Amino acid sequence: MRIAVLGARVPTPPVAPPAWRPFVIAALVCTVTAGALTGAIDLWTLRVSQAPVPVDHHRGHGFAQLFGFLGLFTLGISLQLAPRFFGQGPASRALVRRLAWSGIGGVVCFIIGRLGALVPGSAVFGLVGAWLVFVTQATWARLVWSFWTGWPHEKDALQKFLLAGVGWWTVAGAALLAWQVGEQFGGPLASVPLEVAWAAALYGGTGSWLWGIFFRAGLCTLKVRRPKEAAQAQLFVAWQLAVALAVLAAGLFVPWLSAVAQLALAGGVALL
């Protein structure tokens with residue numbers, strides 16, 4: 001004799017999509033469109049057609065690769081990893097949505113702002129994009145700072161690199177905004193070079209996050225013995241000083257200082 005057991009089906013709550021998804025998708029779309037495609041078109045125009053390319057097109061390509069690809073990608077991955085590294089809960093869905101709207105929207109607007117006469121009102125798009133990028137970086141830094149202050153134990157090299165990384169991304173966003181304002185309205189900010197934003201974002205923001213993750217995932221993957229805490233502290237200070245020199249050299253345009261900064265960065269890589 002068979003006995004049928006009937007039970008009410010318990011509805012399963014919908015699972016929220018991972019926080020990293022919109023940022024990583026936008027980063028990949030950005031690098032294969034505004035990044036790689038514009039770079040290929042510019043290179044073809046210069047090398048094959050032997051025609052000049054507006055400087056703003058090069059800037060748009062560089063911005064798309066650095067802030068669009070590396071910036072959004074790092075931001076998205078940090079929303080997944082940083083809470084775990086600091087033993088904190090994930091960021092709220094509302095905050096993730098705000099970061100997605102401001103971050104992705106800022107990248108799109110700034111790239112449009114580099115198109116010049118091709119798009120009416122492109123200067124306004126550039127200014128709005130730079131402001132949104134800065135707001136995104138500052139909000140991201142504040143989030144990681146809350147994780148930092150919520151960690152009750154002594155901070156290790158990974159956590160120090162992650163905090164320094166978002167700090168440098170914020171510096172890069174501020175430099176980008178200052179450059180855009182100076183480019184559009186002149187005044188004292190007209191002397192701010194765009195290379196300051198490039199150096200802070202590439203060496204400070206992206207570099208610090210890569211080195212920080214390496215101290216956890218890289219050492220485990222390569223099965224390398226973890227350095228002593230004192231050695232990790234020295235490596236952290238060496239890299240941050242090298243980045244500071246690179247940012248300073250980008251702002252001052254002093255040839256010998258640029259050479260010293262490049263040597264410092266190479267030395268930091270060698271130590272790491």
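For the record, buried is under 20% relative accessible area, exposed is over 50%, and partly exposed is in between (1.4 Å probe, protein chains only). This is a predicted model, where local features need pLDDT of at least 70, side-chain atom pairs count only at pLDDT 80 or more, and totals for chains, interfaces and linings use all residues. Residues are numbered from 1 along each chain as its sequence is written, and side-chain values use heavy atoms, with hydrogens and water left out.

What does D156 pair with? I found a salt bridge to R226, with the closest N and O atoms 3.8 Å apart. D156 is in the loop between α4 (122-150) and α5, and R226 is in the loop between α6 (195-222) and α7 (229-252), so this pair ties together parts 70 residues apart in sequence. R226 is partly exposed, at 33% relative accessible area.

My cut-off for a salt bridge is a side-chain nitrogen of Lys or Arg within 4 Å of a carboxyl oxygen of Asp or Glu. Helices are DSSP runs (H or I, at least four residues), numbered from the N terminus.

**The R59 entry**

I searched the whole structure and got four salt bridges. One of them joins the side chains of D56 and R59 at 3.2 Å, N to O. Both residues lie in helix α2 (residues 55-85), three residues apart, about one turn of the helix.

R59 also meets E183 in a salt bridge, at 3.6 Å, N to O. E183 lies in helix α5 and R59 in helix α2, so that pair ties together parts 124 residues apart in sequence. I noted R59 as partly exposed at 23% relative accessibility, and E183 as partly exposed at 44%. Through shared partners, D56, R59, R114 and E183 join into one salt-bridge network.

**G165**

Next I checked G165, which sits in helix α5 (residues 157-185). Is G165 buried or exposed? It is buried, with a relative accessible area of 0%. Leaving out residues up to four places away in sequence, I listed its contacts (heavy atoms within 4.5 Å) as G204, G205, S208 and W209.

**R97**

Last, I put R97 in helix α3 (residues 93-113) and noted it as partly exposed, with a relative accessible area of 47%.

Conventions: Helix = DSSP H or I, 4+ residues; strand = E, 2+ residues; numbered from the N terminus.
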